[in-house]
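Grab a pencil and take a look at the structure below. Each exercise comes with a worked solution.

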Amino acid sequence: MSAIQVTGVTKAYGSKRLFDDVNVNFAPGRRYGLTGPNGAGKSTFMKILEGILEPDTGLVSRPEKTSVLKQDQFGFEDKRVLDVVMMGNKPLWAAVHEKETLLSKAEITDEEGERLGELEHIIADEDGYTAEPDAAELLAGLGIAESQHDKPMKEISGGLKLRVLLAQALFGKPEALLLDEPTNNLDLDSIRWLERFLSGYQGVLIVISHDRHFLNAICTHIADIDYETIIVYPGAYDEMVMAKTQVRGRIEQENSERSKRISQLQEFVARFAAGTRSSQVQSRKKQIEKLQIADLKKSNIERPYIQLQVKVPSGKQTLHMEQISKRWPDVKVCDHFEALITKGEKIAIVGANGVGKTTLCKMLVGELPPDEGTITWGHKVSVGYLAQDHREGIANGTTVNEWLHGWDNMAHTSDIRSLLGKMLFKGEEGLKPTDALSGGEAVRLMFAKLMLTKDNVLVLDEPTNHLDLESIVALGEALVRYEGTCFVVSHDRDLITSFATRLFAFTKDGLIDFRGSYDDFLEKYADKPEKKKKGNSMAPRSSSQPA
């Protein structure tokens, strides 16, 4: 297998330089996490590796059989789901179609007969006669039921379409695999399946993810974008963070010691430059020239400071859910569910996509009523809500500063600026129109609002969407310190493990109230890895054939 070789790559947008003369070799058999804060250039670099974006300078060489996770979920609307997956192996797909074209002729020439033999060899070499069951196995692992496999793409949901595109990227044993946020729209079971799959991958894997647990589980190396270059560290994400901190600390210490020595030498030169000790002065000058201070470019990593406080504590009995039942619209969210929540409890809401986690959050905040039962909040409860669509709670037609100030007109202007600064809105960024906010900016602004209102109960639906790794770590630390009660929907296992002492978990037996840690829950309820199933030998079926 071949490596991906990057030589002298530079890329800038206007005055902002993302990379400067990057030279890096991505070797087969290694799995690289591509990391860096939002705006560092991860997706840009991935597009350069893929070949759809040209660098300003430099070259990239990649294996011929390089597979990429596509982002166009509407690009295959009339294709059968299984066929879309098999299209990930381009040589196989082309050979199958050429074979079908030749076989459709009433008569074929001797030359075409020879070509059919060549095509049979290509199909055999590309495992074409087990292609359909192999594709079905990928889809099943990613949580797509067999009943969906023969449907056209236009008949399945957007979330499932993205999973099909992930299966397409994984199909056909590519020599190199480029995955940008592959865990988006995956539930926890599917993420664990993907980890097992990628851990056995033998080619060059480069993956962007904001899921720290995922990176720690699969990566043998981290390629970190910072200081206008890419530095490759051995080990997983946590090991990179430690190594990076140690390297920068060592250089800063060495620079400090050199700076002190230079000052001493300069003082000697200044005192005796006009005296009789000229030879010693010249010696000191040469020493100063040799003591170069290492150039430490400014890191582009910035972590927000999330401080979730409580203005007025709630009563001890915070929430009572009695005999709650709900269907929405055709999904049974819960059936006579009971729970009593006391002040300070921290609850993670977990489960597969589409089971009703968001519906449960909307019932908690009063946006949807239960079909049966009652939800009763306790004394002095104040609920802060972060919806899954973070833009949902932010009005357009105003500025960041004005919108935040509207939640507390008595707040001093300096306090508003301080909150925005903690959420990385610096200087004139407070004047940014709310209509122009990115996904990451929207969620950070919502956290600034929660820091201002200081509610004693938080309901957070997928708060890590659009956050980079540094921000997710900051959120986990804030939830641990938070003295109120919280309900948090998340697929980020490190985040859940860091704060949750109780789970509302959607299982095959319905919604359960699990008292214990997430690790305890997995030990009891997690599906164990399945052995690989043997499929029947069959050639892939083209989209022109009936399902």
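Predicted model: local features only at pLDDT ≥ 70, side-chain atom pairs only at ≥ 80, totals over all residues.

Residues are numbered from 1 along each chain as its sequence is written, and side-chain values use heavy atoms, leaving out hydrogens and water.

**Exercise 1.** Work out how helix α3 and helix α4 pack.

Step 1: find α3 at residues 90-103 and α4 at residues 110-125. Helices here are DSSP runs (H or I, at least four residues), and strands are E runs of at least two, numbered from the N terminus.

Step 2: take the angle, about 150°, with the axes 9 Å apart. Axes are lines fitted to C-alpha atoms, for helices over the stretch in contact, and angles run from 0 to 180 degrees between N-to-C directions.

Step 3: name the arrangement. α3 and α4 are therefore roughly antiparallel (over 145 degrees; under 35 is roughly parallel, 65 to 115 roughly perpendicular, the rest oblique).

Step 4: list the contact (heavy atoms within 4.5 Å). From α3 come P91, L92, A95, V96, E98, K99, L102 and L103, and from α4 come E112, R115, L116, L119, E120, I122 and I123.

Step 5: sort those residues: 10 are nonpolar, none polar and five charged. Ala, Val, Leu, Ile, Met, Phe, Trp, Tyr, Cys and Pro count as nonpolar, Asp, Glu, Lys and Arg as charged, and the others, Gly among them, as polar.

**Exercise 2.** Which residues other than glycine show a positive phi, and are they buried or exposed?

Step 1: know the background: most residues other than glycine have a negative phi, and most peptide bonds are trans.

Step 2: D127, in the loop between α4 and α5, has phi near 55°. At 31% relative accessibility, D127 is partly exposed (buried is under 20%, exposed over 50%, partly exposed in between, with a 1.4 Å probe and protein chains only).

Step 3: K173, in the loop between α6 and β6, has phi of about 50°. K173 is exposed at 63%.

**Exercise 3.** Where is P329, and what is the peptide bond from W328 to P329 like?

Step 1: P329 sits in the loop between β10 (317-327) and β11 (332-342).

Step 2: the bond from W328 is cis, with omega near -25°.
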